[in-house]
Amino acid sequence: MKTNTFKVALVSFASAMLLVACGNVSSTNPSATGTEVGETIKIGYNLELSGAVSSYGQTEKNGADLAVKEINAAGGVDGKKIEVIAKDNKSETAEAATIATSLASEGANIIIGPATSGASGASIASATSTGVPMISPSGTQTDLVVNSEGKVQDFFFRATFTDGYQGEIMADYATKNLSAKKVVLYYDNSSDYGKGVAESFQKAYKGEIVSTITFASGDKDFQAALTKLKGLDFDAIIMPGYYNETGTIVKQARGLGIDKPILGSDGFDSPLFAELATASAANKVYYLSAFVPSASERAKAFHEAYTKEYGEAPSMFSALAYDSVYMAAEAAKGSKNSTEVKDNLAALKDFDGVTGKMSIDKDHNVVKSVYVVSLKDGKADTVDTVSLTETAK
């Protein structure tokens, strides 16, 4: 693969929107003593190991387990081994909240998970009240970081970029790298994810959006909408959504002769996308990703170790969970209790992970590189590393 590097402007993505899952819960707990760090560093898993999105939870558990295995083999943290307390939230938000409390009662010093934004939002109140920080590997919803008063959630962190972040990156990439002055915005209106990325793109994009249309999860036939688009004058299609629908849309679009570049969010990041789109149709397709094995020697080593351990290649989700555990281990150094782990995590800077170099900003969002993968005949062709700096270059 060819790898290029581009830089875009760093933008603050904190939002003061009301998050229903968090309600009016305080963002901090000054009296929290948390859990004591004893003879082991206790990491709790609050993951979707069964239920509707178990594929995310299972692969994240694999990535997290591999990190724990490596860290313990290297001597642990401050000479202390990591002890895992793994629990299944069954892909249910209420269960995720209960498990967050349960893990704290069992002495967890930090929690990895949940995988989804909804379950993460439901767990924040428990993390705050017990004084045990949580890292969601893949909860991308932008407004998870704040409570209803617009204050940063003290005990919530994540290893991935936000939906708002993706929209900003897509707007910049479409303009600078695809030279798109006119676009069609075609997004999943049935998910907060699709709507969040689309809204952010609309705010950030300086060109003309000639048409905005939507689809919904489970849709199969996109011919009518695509036929209308065919007669429009545009340079690219911006498509925030999951691979289930977007792969089919790409196939049908190419079948109708629409050959303009298509730029998607990280929901495209699945081997099933190219399978649904077909190799012949998956050309001039670009999508965001948090993990590319060719991006660094550390990423390559992780890919090889994971494949050897589990007999399959790692996904973006397993890589994010792997990094989450290493972030937790770094924050646990020198900590006497979970509130000190939280403080160290908030101060994390220039951490070198398999998903890129990252720092935690003042809003507890992670500032990191984003990869834009281009497909040729259904396979990754080039990878652009989008680095964030204060000044666009």
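Helices, of at least four residues, and strands, of at least two, are taken here as DSSP runs numbered from the N terminus. With that convention stated, I turn to the loop between helix H6, residues 223-230, and strand S9, residues 236-239, where Leu232 lies. Please keep in mind throughout that this is a predicted model.

Leu232 has a relative accessibility of 36%, and therefore counts as partly exposed. Beyond its neighbours within four places in sequence, Leu232 is in contact with Val184 and Ser211. The C-alpha atom of Leu232 is separated by 9.7 Å from that of Val183, a residue 49 positions away along the chain.

Ser211 itself belongs to strand S8, residues 208-215. Is Ser211 buried or exposed? Its relative accessibility is 17%, and the limit for buried is under 20%, so Ser211 counts as buried. Again setting aside neighbours within four places in sequence, the contacts of Ser211 are Val183, Val184, Leu185, Leu229 and Leu232.

I move now to the open sheet. Five strands make it up, in the order S3-S2-S4-S5-S6, with parallel pairing. At its edges stand strand S3, residues 82-88, and strand S6, residues 156-158; each has a single partner strand, so one side of each has no neighbour in the sheet. From one strand to the next, the twist averages 25°.

Strand S5, residues 134-136, runs parallel to S6, and three bridges join the two. Within this pair, Ser136 has Arg158 of S6 as its bridge partner. Helix H3, residues 117-130, packs on the sheet and touches S5, S6 and strand S2, residues 41-47; the direction of H3 makes about 170° with that of S5. Helix H11, residues 338-346, lies across S5, S6 and strand S4, residues 110-112, and runs at about 45° to S6.

A further parallel pair is formed by strand S10, residues 262-264, and strand S11, over three bridges. Gly264 is placed opposite Tyr287 of S11. How many of the five residues of S11 are buried? Five of the five, residues 285-289, are buried, so S11 is largely enclosed by the rest of the structure. In a regular strand, side chains alternate between the two faces of the sheet. In S11, Val285, Tyr287 and Ser289 point one way, while Tyr286 and Leu288 point the other way.

Finally, I come to helix H1, residues 54-73, and its two helix contacts. The axes of H1 and helix H10, residues 316-332, come within 7 Å and cross at roughly 40°, which makes H1 oblique to H10. The crossing is right-handed. On the H1 side the contact is made by residues including Tyr56, Ala64, Ala67 and Ile71, and on the H10 side by residues including Phe317, Ala321, Tyr322 and Val325. By class, this contact has twelve nonpolar, three polar and two charged residues.

How does helix H9, residues 297-310, compare? The axes of H1 and H9 come within 11 Å and cross at roughly 105°; the two helices are therefore roughly perpendicular to each other. Here Thr59, Asn62, Gly63, Asp65, Leu66, Lys69 and Glu70 of H1 meet Phe302, Ala305, Tyr306, Glu309 and Tyr310 of H9. The contact between H1 and H9 has five nonpolar, three polar and four charged residues.

Conventions: Residues are numbered from 1 along each chain as its sequence is written. This is a predicted model: local features need pLDDT of at least 70, side-chain atom pairs count only at pLDDT 80 or more; totals for chains, interfaces and linings use all residues. Side-chain values use heavy atoms; hydrogens and water are left out. Axes are lines fitted to C-alpha atoms, for helices over the stretch in contact, and angles run from 0 to 180 degrees between N-to-C directions. Angles under 35 degrees count as roughly parallel, over 145 as roughly antiparallel, 65 to 115 as roughly perpendicular and the rest as oblique. A crossing is left-handed if the near helix is turned anticlockwise from the far one by less than a right angle, and right-handed if clockwise. Contact means heavy atoms within 4.5 Å. Ala, Val, Leu, Ile, Met, Phe, Trp, Tyr, Cys and Pro count as nonpolar, Asp, Glu, Lys and Arg as charged, and the others, Gly among them, as polar. Buried means under 20% relative accessible area, exposed over 50%, partly exposed in between (1.4 Å probe, protein chains only). Two strands pair if DSSP finds at least two bridges between them.
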